[in-house]
Amino acid sequence: AAWHAWRVDVLLSAGADVLAFETVPCVTEVVALCTLLQSRPAARAWLSLACRSAAELQSGERLADAVDAIEQYDVSGQVEAI
């Protein structure tokens, strides 16, 4: 999350309405991004997941596990689209 934090802060301070997190390759990064959003309650985002098939992320993890992680960690509904 720290790797993304400064970029998120720059975009939010510039007035971004929605953040686009694209080509997210694994569940660990999904969790990190959702956690980062929690610390910035006014932020809204969408996540675009990088997949190798209709059921798998690029990492080989199940796409369903990424969606479950978003449901679990996006406690304030800041992720507006997947």
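**Cysteines first, then the fold**

Searching the whole structure turns up zero disulfides, a disulfide being a pair of cysteine sulfur atoms within 2.5 Å. Take C26: no disulfide there, and the nearest cysteine sulfur, that of C51, is 12 Å away. C34 is in no disulfide either; its nearest cysteine sulfur belongs to C26, 12 Å away. C34 counts as buried because its relative accessibility is 2%. Buried is under 20% relative accessible area, exposed over 50%, partly exposed in between, with a 1.4 Å probe and protein chains only.

A word on the source. This is a predicted model: local features need pLDDT of at least 70, side-chain atom pairs count only at pLDDT 80 or more, and totals for chains, interfaces and linings use all residues. Residues are numbered from 1 along each chain as its sequence is written, and side-chain values use heavy atoms, leaving out hydrogens and water.

Now the fold. We have three helices and three strands; these are DSSP runs, H or I of at least four residues for helices, E of at least two for strands, numbered from the N terminus. The order from the N terminus is α-β-α-β-α-β. The C-alpha trace spans about 35 × 20 × 20 Å along its principal axes. Of the 82 residues, 33% are buried.

Last stop, R40. Where is R40 placed? In the loop between α2 (27-38) and β2 (45-49). Beyond its neighbours within four places in sequence, R40 is in contact (heavy atoms within 4.5 Å) with A5, V8, D9, L12 and Q78.
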